[in-house]
Amino acid sequence: MWASELDDDDLTAAIEAARWVPADTADHVAQHDLAALLLESYDRHGDAAVLDEAIALLSRAVQAAAVDPVTGTDHRIGLGKALEDRAWATGSVTDADAAVALARSVLADGAQHLVERLIARSNLANALLTRYEITGGPDQVIEAVAHARAVADTFPESDHRRASMFANLGDALQTAYRSSGDISELNDAISAGRTGVRLARAGDPGLPGYLLNLANGLLTWSEAQGDAGVTEEAVTVARRAVAACRPDGAKRSLTLACLGNCLRCRHELTGELAVLDEAIEADRAALAATSPATPGRAQRLTNLAISLTLRHEAEPDLAVLDEALDCARAGAATVGEDDPDRYQNLLTLARTEYVKFQTTEDRDALDRSIEAERQACQLLDADYPGRPIALANLAASLIARGRPPGGSGGELDSAELDPADFHAAAGLLTEAVALTPADSPDSALYLYNLGEARASLARSGAGAAADAVAAFRACAEVEVAPPMLRAEAATEWGRLCAAEGDWTGAAEAFGLTVELAPLISPQHLERDDQERRHAAACVLAGREDDPSAGLRALTLLEQGRALLVGYLLGGSADLTKLREAAPDLAAKFVRLRDEIDAADAGKPSAADTPDGGMPQRFDPVLRRRDLLRDRAAVVRQIRSIDGLADFLRAPDRDQLLTAGSAGPFILINISRYRCDAIAICEGSVEVVPLPGVTLAGVTEVTAKYLRMFGQLRRPGQVGSAQPRDTLREVSGWLWDCIARPVLTGLGLPRRDGEVPRVWWCPTGSLALLPLHAAHRYDKAREADVGVADWVVSSYAASARTLLSLRGRARVPDAGTGQLVVALDRTPGLSDLPQVVREVEVVGGAAGQAPLVLRNEAATRDAVRAGLASHPWFHFAGHSYQDLLHPGRARLCLSDGGLDALTIAAERLAGGELAYLSCCEGAVPGTKVPDEPLHLALAFQIAGYRHVIATLWSIDDRVAAEVARRIYLRLRSGANLMADVAARALREVVLELRDLYPDDVWAAYLHAGI
């Protein structure tokens, strides 16, 4: 019977029975047999004294058998393996050297048969790997792999031990991969591991070990590549390994620990809490199967601490976190002072203490975290691969401690900052950067945090802003870093430059953020992304010494708005064209963009470094480089396609200038630094400063407006005094601070009495406000004076959107091409009795009767079919805008809603006018201030050159009257003329202004050409 097949009681009895051997006996075979039993006991329980006893026995056996080459060889093999075990447990270089020397001596014997020589080479490979783990040196790994590969390739197929040779080869190749980072070696390791498992015969005691090595290889692959499929295979193999072990088997705790690691990895990829709970169960079982004296116990405690900490972070539970802390502290206390992996236990302790600080603001926990990290750093040599991340984690904790309780560090008063910790953090991060290759994504993260530390020092007066700028800039220029991280660094670089008055540097920095935007997954577009573009534009607009600055500012904003509209619609205009021309390339580009971006979905901070202070897994630097290289190749391929040469490039400036050919295109840019109107007028760009406007002021006015908007949503509030007074206040501010300064700055109104066209493109939260209705009561004239008196207003989401609309084919004669959708009765909503009258008005304006879909006939399918064949569209009924999710804006139909995203996706040809006689048809979202998506824009994207819509709720009686007046002006003979829609609406608005309160006439707007 194999010693490994004995249960603990039988093994103990066997050892006691074998102890009859006197210490000075010449029976070297008996010494060898006792040593073998002791080594089995050591494998199970990790008792160092037992291992020492076995080594002493084998040493005497080797001496006693010096004259017996056959048994002497067996003794040397056994002694070499025992010394290898002790070297692994203690880090003893002496034992490692002795194990290698014994393995070489056995291999040098020329009398062995082929199989014996192959086994000797395998033993030498294992000894070399152990010495490598202790002393380093890639040459040892290379030699070990060569031996292991030769053994696996030539080992007799009929020998049952062949399975173990492939398992050993897999282990050697995994070590080679950790040494070189060559993914092909890891791939070969997994292949060898699979072969070893496949070759294992029934009852092979080594099977749990073969499965364990394979599971570890698969886990390493998954961590490097983020491959969920491989992770699932690793979990399956690890479960087999656990099942293959005897309940008291030597490998049981190892296989359970491996299963816990695999399950934890799967949780991190999928977020499944049930998987994390299973990992915790496996970690607990691994710990229970590990005796207190076993060297691996500290790691078992640490693994459980990691899993419990993740569980707390998923669903906060202080009891779980406290248990995690108990395990982490026990792991750090249990690990030997000379254990080479002690730093990992300390880093886990530090991480868990830091989470305690984050959860409870316990500053003592933060101090304990810092102390554990300091100890870990002291254990790591300068050339140890894990040292940079350990330094960076310690720096992150110091930065957190340097801030006062509750402080974010971004806008703190300088007196609140403690420079000592920031100085220390900056020093640590400087060393981490120096130890990391310049083209590594890790380098970029360290540089970002270095920038944060230096920026804090600058705010406290203990450092220079230029030093922080240098760090952020260096981070932003690391091309292999995640685009989100680069964009964040460029933003901080730009903010610092702007604060110092360095407008050239700020413009360069903010410009880079916009260039990086197409490479960032659209799901990550947030308020800060809009701020970057506005900041970039305001910095450029302020460059009075640069005549091209205004055009460059406009170009940046145009690129950003195009990306935002693309995000809302599921893809930029460039991506839409690509999908039409080459769908496979489009899918490949999106996949690469999202894979590159996935690792950096949030803003980095000092408290959010990779793995948060836990022992860092292998960073897939090579994988990221491959992705970036592949993306660059795909972009080059895309740009070779006809019509896509400018894919993801900034818009053509000469083309943008044509947007002002029919009248000024006025983009209002709002930023924390300054606010301007950037206007395209007759082939040039003019910048009109708005010194009376601030970001805070716009935010305050918008909040007031949104309160009014909420009131107007309530039944019976239209025309009431409270919202009317608020609207007059908002409209007056818009006239005084924005509209009048802009129009007069552009030389409007014209002296010849002609009323010119203007196109408004407000940005930020200003996009919510009725700029077209800005006015102020003139006491001298005893009348209102405002935008409608001076110009004909239209809105455009961007200059390129306007140019695109102008380039679409016209339909001069509507004829029967008019679709009217009318719902005076809508399920679940109030009746609109005046809709019937409105239908009559609209039908009477056209030369021929329109297609009318009324009430039950107005289904989603019927309306979509009608839109596809009618260039004119009139909707009279209820609609709704979701301010937080503008894509959900919808026309309310008899069988549900037709939402904005569905409408925009129709891509209709020849659309002339979409008249939306309903509530809130042109209201943008509030979650991201620049979100232009609403029903009006959706119809423009679908193909309509003109849209008339409203900003808030309108009484259906008024809506019918407004429609009557507008259609009278649209009619020309027997036809309708859409190109007069904007002027027709202005004339009607001026009439309504004398008849109705502000909250009626101000609601109507025109969007389009």
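This is a predicted model: local features need pLDDT of at least 70, side-chain atom pairs count only at pLDDT 80 or more; totals for chains, interfaces and linings use all residues.
Residues are numbered from 1 along each chain as its sequence is written, and side-chain values use heavy atoms, with hydrogens and water left out.

Cys265 is buried too, at 4% relative accessibility. Its closest cysteine sulfur sits in Cys262, and at 7.4 Å that is too far for a bond. Searching the whole structure turns up zero disulfides (pairs of cysteine sulfur atoms within 2.5 Å).

On to a helix pair. The axes of α18 (residues 387–402) and α20 (residues 441–459) come within 11 Å and cross at roughly 25°, which makes the two helices roughly parallel (angles under 35 degrees). Helices are DSSP runs of H or I, at least four residues, numbered from the N terminus. Pro388, Ile389, Ala392 and Ile399 of α18 make the contact with Tyr446, Asn449 and Ala453 of α20, contact being heavy atoms within 4.5 Å.

Further along, helix α39 (residues 981–993) holds Arg986, a buried residue with a relative accessible area of 17%. Beyond its neighbours within four places in sequence, Arg986 touches Val755, Ala788, Asp789, Val791 and Val792. The C-alpha atoms of Arg986 and Val787 are 9.9 Å apart, despite a separation of 199 residues along the chain.

Key
Axes are lines fitted to C-alpha atoms, for helices over the stretch in contact, and angles run from 0 to 180 degrees between N-to-C directions. Angles under 35 degrees count as roughly parallel, over 145 as roughly antiparallel, 65 to 115 as roughly perpendicular and the rest as oblique. Buried means under 20% relative accessible area, exposed over 50%, partly exposed in between (1.4 Å probe, protein chains only).
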